[in-house]
Amino acid sequence: MTGAAVAARPLLEVRGLHMHFPISEGVLLRRQIGEVKAIDGVDFSVQRGETLGLVGESGCGKTTTGRCILQLEKPTAGSIFYDGVDINTLSRPEMLALRRRIQVIFQDPYSSLNPRMKVGDIIGEPIKVHGLVPDAGKRIARVRELLSVCGLDPSFADRYPHEMSGGQRQRVGIARALALEPEFIVCDEAVSALDVSIQAQVINLLEDLRERFGLTYLFIAHDLSVVRHLCQRVAVMYLGRVVELADCDELFDNPMHPYTRALLAAVPVPDPAIEAGRAFQPVRGEVPSPINPPSGCVFHPRCTMAVESCRQARPELRELRPGHWVACSQVN
Amino acid sequence: MSALLDVRNLHTEFRTGAGVVRAVDGVSYTVDPGETVAIVGESGSGKSVGAMSILRLIPDPPGRITEGQILFAGRDLVGLSPDEMRKVRGGEIGMVFQEPMTSLNPVLTIGRQITETLEQHRGADRATADRRAVELLSLVGISDPERRLRQYPHQLSGGMRQRIMIAVALTCEPKLIIADEPTTALDVTIQAQILELMAELTRRLNVALVIITHNLGVVARYAQRVNVMYAGRLVESGPAAAVYGDPRHPYTMALLRSVPRLDKPRQARLDPVDGQPPDLMRLDGGCAFRPRCRFAIAVCATSRPALEPAGTAGHMSACFRRDEIAAAPVAA
């Protein structure tokens, strides 16, 4: 999709991705009675060294998209190309090698770290499993180095996760993700669970690491201010589809899709003087069920601009300005 | 005009195996009739424990209100018997919690949760209660209320459930609603709907609202007054415009500086609050924010600053340097 505009081959390319989960009924004779269309035709690409933001509300499919890229789900249709190779065609050893290059940082540092393992073992385990540093002594040294890269004292290696604060635990999660020297990291709500005073520290760390190790991020989040700060390009998802995709500044300065506009208007800014002068009308209704999504444009039931044709035809992403793609028939 | 709620020198402690945690450590503030007051703070700051103390919902043991008064409409809630307190909760004081799924009874229909409150508090008969329930659901913007009354909480979306919580809170025409992170679990567009609904209803029905949140934007949009908590104490308090426009406590200043904002140009780098959140078991005789404070001086290590007037009328700060730091708020 964006391929024509960019000369370099993207590090990651997602084409026509669909992930439909079956819903079944019955105990003995299980039969499928429907499906959840978690992702319903998603295309985007991520250039090497870039941070692409994937934003949207619960159920929009942003996390499932991340899980497909991590090969934690097998998409029902579509393909994912990593460094030019369709990951579906890989053999098991090739897949294992690829997993080293793609890592993940999860939202909740409380539930994504094993409470019975010491921090040093949590970070050291992937290094051991992949046989990167077979020597135990050298492995400990590597773990201590990773801790210090992530802004933690190397002595934390001997602690358990419960002895640390939320921000420190998230740094451990980041150190673990870095342990295999990946190129690409899926950050799934990586700073959402952190307190305000800690969030900025971790955001700065993620930026430093990107520069230092030449990392590429897929940054999945619902917090638009964080996404704007951290990303070069942003894709807005709604009900399993990308509705708008553009360079970060372009998207925030000139949002075109009615849903993106509604999202941006819904975010209160921390300044009472600005808020007092802001006329504000929340978007009506709720996100419809992905089991039975609306016909045509999935946003039409909540959209103030919707016309009759929006109920019929599904709008495709169109490039309305250079690099700015919008799936809405009513904007130009 | 006398205050509706007058919290005076409130202390709430938890006795744990490892020692005593002073979760709320001498907090005083007032709420006028019809006013919206925000309590802002991070995890462990005591903002929720303070609110639960007003409602006398602190589990004892391990928790206990050890000192202070909670004057509500002239009566001290600290001295009330459990029976008397039950009449206040859900009667004169309504409650809205973060997670509506856990605060609604999953085995009762929506209608029953509302009519039960009416029967308990008002001695209403079934028919009157049913009529009122329909009225309340329409009030909180739920369409087709007769059908919804027969449904169970799990059949509703998160936003819908939070509307039900608000309906339950309003059932007995309270003078005060305490809302603890009412929209934190909700999506951005739904959060905006629920906050607008609460703002509109509290204004129309002249209900005072104490809203507990960590979201600085929500406070700026909805609160008239703000209380900032840190390590169990109020560190800054005042009209929202004064606290945001002319912050007089280094913690408030650091928080406001650290968040990425949609209304400002993108920064190259965030300026985080330094250090880690305080360990409430290890507080000394000095200011609890001192280890993270860029303005700390010798006296901060030896005594804890009291909340005293700073800047404009009604604006208070618990910082020894509250007047000096106003001169160069961003320079440090």
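Let's start with a helix in chain B: what covers the buried residues of α4(B) includes α5 (126–139), α6 (145–149) and α7 (158–170) of chain B. Bear in mind that this is a predicted model.

**Helix α4 of chain B**
- The helix runs over residues 110–122, which makes 13 residues.
- From its first C-alpha to its last, α4(B) reaches 18 Å, close to the 18 Å expected at 1.5 Å a residue.
- Its buried residues are B:I110, B:G111, B:Q113, B:I114, B:T115, B:T117 and B:L118.
- As a rule, an α-helix has 3.6 residues a turn, so residues three or four places apart point the same way.

- Some background first: most residues other than glycine have a negative phi, and most peptide bonds are trans.
- B:D60 and B:P61 are joined by a cis peptide bond, with omega about -10°.
- Another cis peptide bond links B:P61 to B:P62, and here omega is about 5°.
- You'll find B:P61 in the loop between α1 (47–54) and β4 (63–72) of chain B, and B:P62 lies in the loop between α1 and β4 too.
- B:R56 sits in the loop between α1 and β4 of chain B as well, and has a positive phi of about 55° although it is not a glycine.
- B:R56 is partly exposed, with 18 other C-beta atoms within 10 Å.
- Over in the loop between β9 (225–230) and β10 (233–239) of chain B is B:A231, a residue other than glycine whose phi is positive, near 50°.
- B:A231 is buried, with 23 other C-beta atoms within 10 Å.

**A helix pair in chain A**
- Helix α3 (residues 119–129) and helix α5 (residues 166–178) of chain A pack at an angle of about 25°, their axes 8 Å apart.
- That angle is under 35 degrees, so α3(A) and α5(A) are roughly parallel to each other.
- The crossing of α3(A) past α5(A) is right-handed.
- On the α3(A) side the contact is made by A:V119, A:I122, A:I123 and A:P126, and on the α5(A) side by A:V172, A:A175 and A:R176.
- Those contact residues divide into six nonpolar, no polar and one charged.

**Where the chains meet**
- In all, 34 residues of chain A are in contact with 38 residues of chain B.
- On the chain A side, the elements giving two or more residues are α6 (196–213), α7 (224–230), α9 (258–266) and α10 (272–276).
- α6(A) gives the most, with six residues.
- The chain A side divides into 19 nonpolar, nine polar and six charged residues.

Terms used
Residues are numbered from 1 along each chain as its sequence is written. Chains are lettered from A and ligands numbered from 1 in the order in which they are written. This is a predicted model: local features need pLDDT of at least 70, side-chain atom pairs count only at pLDDT 80 or more; totals for chains, interfaces and linings use all residues. Two residues are in contact if their C-beta atoms, placed from the backbone, lie within 7 Å. Helices (H or I, at least four residues) and strands (E, at least two) are DSSP runs, numbered from the N terminus. Ala, Val, Leu, Ile, Met, Phe, Trp, Tyr, Cys and Pro count as nonpolar, Asp, Glu, Lys and Arg as charged, and the others, Gly among them, as polar. Axes are lines fitted to C-alpha atoms, for helices over the stretch in contact, and angles run from 0 to 180 degrees between N-to-C directions. Angles under 35 degrees count as roughly parallel, over 145 as roughly antiparallel, 65 to 115 as roughly perpendicular and the rest as oblique. A crossing is left-handed if the near helix is turned anticlockwise from the far one by less than a right angle, and right-handed if clockwise. The expected span of a helix is 1.5 Å times one less than its number of residues. A residue is buried if 20 or more other C-beta atoms lie within 10 Å of its own, exposed if 12 or fewer, and partly exposed in between; C-beta atoms are placed from the backbone.
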